[in-house]
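Hello,

Here is the structure you asked about. My notes on it follow below.

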Amino acid sequence: VDPEQIAELHHQHHAQYTEDMPLWLALAQEATGRTLELGCGTGRVLLALADAGIEVVGVDHDAAMLSVLRRQLKAQPRANMSVIEGDFTEAAVSGEFPLIIMPCNTYSTLDADMRQKTLARVKTWLAPGGRFVASLPNPALLAELEAESEPEMELALDDPATGATLSVSSGWAREDGWLRFDWVYDLLHPDGRVERGTASTRHELAGWTQLAGELEDAGFRVDAWGDHTRKAFDADQDANLIFCAQCV
Ligand SMILES: C[S@@+](CC[C@H](N)C(=O)[O-])C[C@H]1O[C@@H](n2cnc3c(N)ncnc32)[C@H](O)[C@@H]1O
C-alpha cells in the first residue's frame with residue numbers, strides 16, 4: 001500500500017470523527033476574517049469550514065495527505081480555500097488571521113522545540129485579539145495508560161462502490177515520555193485479497209501545566225476547555241484538552 005493509499009484510508013477513517021466540527025465552525029463564525037488550519041491533512045475540517053462559507057487557508061507538509069485533499073477540490077472546487085504545502089514552522093503564509101486552529105491531536109505530536117517554533121509563527125500570523133485553538137488528547141490520561149496494549153479493532157467500514165471493507169485496528173506503546181499509536185489498515189476485497197497499510201503517530205506526554213507555562217512564556221494568555229462545548233478543562237476526567245491562546 002503506497003503513501004497515498006494510506007492517506008486515503010486515513011481520510012476514510014478520520015471522516016468518521018465529526019464530534020469536534022461544531023466547535024471549529026462556531027469559532028470560525030465568531031472570528032471576522034480568514035481561518036488558518038495548521039496540519040489540515042486531507043481536509044476533514046478545512047472542507048467543512050469552506051463549505052460553510054468561511055475563507056480558509058490550510059498548511060500541511062504531507063504530500064500524500066494533500067493529494068487526497070486536492071483530489072476532492074478538483075471534484076468540487078472551492079474558491080474560498082487555499083492550501084500551502086510545507087512545514088508550518090517554515091511555510092510562506094502571508095497575512096493575518098483572527099483564528100488559527102490545530103484540530104485533532106497534532107499539537108501533542110510536536111516536541112518542545114517544534115512547539116516553540118510554532119508558537120513564534122502563530123504570534124506573527126494572529127490578528128489583534130485573534131485566537132489560536134488546538135485540540136489534543138489529555139496528556140494526564142495518556143500518561144495513565146498501560147505501557148503497552150494489544151492491537152484492538154477500532155472500526156470496520158464498507159465501501160459500497162468497490163464492495164471492499166476497511167478494517168482499522170490500533171494499539172499503543174509508551175517510550176521515553178512519549179506514547180506511540182500504531183494503526184493497521186486492512187482493506188478486505190470481495191475476491192478475498194487483503195491489502196495492509198500501517199501508520200504511527202507519537203504524542204508527547206507533557207502535562208497541561210508544562211504546556212500552559214510554555215504558552216505563557218511565549219506571550220500568550222490561555223484558557224483550557226475539556227470538550228467541544230468549551231466547558232472548563234478537568235485534567236482528571238476529560239479525554240480532550242482544547243486550549244485557546246491569545247496574545248497578551
Ligand atoms: C492527525 S492529522 C489532523 C488532520 C486534520 N487537522 C483533521 O483534523 O482531520 C495531523 C496532520 O498534521 C500534519 N503535520 C504534522 N506536523 C506538521 C508540520 N510540522 N507542518 C505541517 N503539517 C504537519 C500531518 O501531516 C497531518 O496531516
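**Ligand site**

In this predicted model, a polar side-chain atom of Glu37 sits 2.6 Å from a nitrogen atom of the ligand. A backbone N or O atom of Gly39 is 2.7 Å from a ligand nitrogen atom, and for Phe88 a backbone N or O atom is 3.0 Å from a nitrogen atom of the ligand. On its own the ligand has 600 Å² of accessible area, and the protein covers 88% of this. There are 17 residues around the ligand; Glu37, Gly39, Arg44, Asp60 and Phe88 come nearest.

**Sheet and helix**

Four strands make up an open, antiparallel sheet, in the order E6-E7-E8-E9. Strand E6 (152-159) and strand E9 (194-204) are its edges, each pairing on one side only. From one strand to the next, the twist averages 20°. Within the sheet, E7 (residues 164-175) and E8 (residues 178-188) are joined in the antiparallel sense over 11 bridges. Ser169 is found opposite Val184 of E8. Helix H1 (residues 3-14) lies across E6, E7, E8 and E9, and runs at about 100° to E8.

**Asp236**

Asp236 belongs to the loop that links strand E10 (220-225) and strand E11 (240-247). Is Asp236 buried or exposed? Its relative accessibility is 68%, and the cut-off for exposed is over 50%, so Asp236 counts as exposed. Asp236 and Arg115 are 121 residues apart along the chain, and their C-alpha atoms are separated by 24 Å.

Regards

How values were computed
Residues are numbered from 1 along each chain as its sequence is written. This is a predicted model: local features need pLDDT of at least 70, side-chain atom pairs count only at pLDDT 80 or more; totals for chains, interfaces and linings use all residues. Side-chain values use heavy atoms; hydrogens and water are left out. Helices (H or I, at least four residues) and strands (E, at least two) are DSSP runs, numbered from the N terminus. Buried means under 20% relative accessible area, exposed over 50%, partly exposed in between (1.4 Å probe, protein chains only). Two strands pair if DSSP finds at least two bridges between them. Axes are lines fitted to C-alpha atoms, for helices over the stretch in contact, and angles run from 0 to 180 degrees between N-to-C directions. Contact means heavy atoms within 4.5 Å. A residue is near a molecule or strand if one of its heavy atoms lies within 4 Å of it. A polar contact is a pair of N or O atoms within 3.5 Å; within protein, one must be able to donate a hydrogen and the other to accept it, and residues adjacent in sequence count only if both atoms are side-chain atoms. Accessible areas come from the Shrake-Rupley method with a 1.4 Å probe; for residues, only the protein chains shown count as cover.
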